[in-house]
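Hi,

Here is the structure I promised to pass on. Have a look at it first, and then read my notes below.

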Amino acid sequence: MNVLAFRDVHAHAVWPLRGRIAKRSIDLVLSTVLLALLAPVFAVLAIAVLAADGRPIFYRWDVVGLEGRPFTGWKFRTMVQDADRLRERLLHRNEMSGPVFKLQNDPRITRLGRILRHYSLDELPQLWSVFRGDMSLVGPRPSFPHEYAQLTESQRRRLSVKPGITCLWQIEGRSALAEFDHWLELDFRYIDEWSIRTDLKILLRTIPAVLSGRGAW
């Protein structure tokens, strides 16, 4: 993948250096602690996916992050093995406006996968992406390359900061937000009003949102 083909050199967020250093420090400390503490959970989930649906255990997540830079993340696999190929047959049923594909009753999702998605357990391996520095704990969701290619220059501002595991969309409806413009509005609000305090508030509010399963598809 050619980075230059995606990178928007005009997109950047003006955040103070001290704040960015503090944000990265929090990401590094919390991701390290969580990866260590959740190691037994990772093992149980990996065994569950293997027993229920076989290999691969993880889904290779090739996406676009900060300023259009591609990176590879990982999730616990929640769909059938040929899910990406089958996606083309389901595009006409898309329930999300804009370039993002979302389908509430997606037939590609496995029985175990629905449980993992309901409580966002499939997202846990993204802590490794946070540790590596490709992602932040809080930030706009990364885009798939084909989604990023369809964004206008102004819309690409949502990736003028590192993508995150959670953000305002997670605590204000998750996939129940069917309008891409609303999703963008939340991302831009986060970027424009960002502070360390904002990140901490979002992280705290994410816990009950995830446990309730509200808006999870």
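Before the rest, some housekeeping. This is a predicted model, so local features need pLDDT of at least 70 and side-chain atom pairs count only at pLDDT 80 or more, while totals for chains, interfaces and linings use all residues. Residues are numbered from 1 along each chain as its sequence is written, and side-chain values use heavy atoms, with hydrogens and water left out.

Back to glutamate 123. You will find this residue in the loop between H4 and helix H5 (126-132); helices (H or I, at least four residues) and strands (E, at least two) are DSSP runs, numbered from the N terminus. Leaving aside residues up to four places away in sequence, glutamate 123 touches Lys75 and Arg141 (contact means heavy atoms within 4.5 Å).

Helix H4 itself covers residues 111-118, and its buried residues are Leu112, Gly113 and Leu116. They sit on the same side of H4, because they cover an arc of only 100° around the axis; the arc is that of the directions from the helix axis to the C-beta atoms. What do the buried residues of H4 pack against? Their partners are helix H2 (39-53) and S2. Just after H4 comes serine 120, with a positive phi of about 60°.

Now the strands. S1 (residues 58-64) and S2 (residues 70-76) run antiparallel and are joined by 7 bridges (two strands pair if DSSP finds at least two bridges between them). Valine 64 is opposite proline 70 in S2. The hairpin of S1 and S2 has 5 residues between the strands, and there glutamate 67 takes a positive phi near 50°.

Phenylalanine 58 belongs to strand S1 and counts as partly exposed, at 35% relative accessibility. Together with Leu28, Trp74, Trp128 and Phe131, Phe58 makes a nonpolar surface patch of about 440 Å². For that, patches are made of residues with over 30% relative accessible area and no salt bridge, joining like charges within 9 Å and nonpolar side chains (Val, Leu, Ile, Met, Phe, Trp, Tyr) within 5 Å. The areas come from the Shrake-Rupley method with a 1.4 Å probe, and for residues only the protein chains shown count as cover.

Last, the charges. A search of the whole structure turns up 12 salt bridges, each being a side-chain nitrogen of Lys or Arg within 4 Å of a carboxyl oxygen of Asp or Glu. Some of them:

- Arginine 60 pairs with aspartate 62, their closest N and O atoms being 3.2 Å apart. Arginine 60 is partly exposed at 47%, and so is aspartate 62 at 31%.
- Arginine 85 meets aspartate 82 at 2.5 Å, N to O. Arginine 85 is partly exposed at 48% relative accessibility.
- Glutamate 172 pairs with arginine 189, with the closest N and O atoms 3.1 Å apart. Glutamate 172 lies in the loop between helix H7 (168-171) and helix H8 (180-192), and arginine 189 in helix H8, so this pair ties together parts that are 17 residues apart in sequence.

Cheers

Terms used:
Buried < 20%, exposed > 50% of the residue type's maximum accessible area, 1.4 Å probe, protein only.
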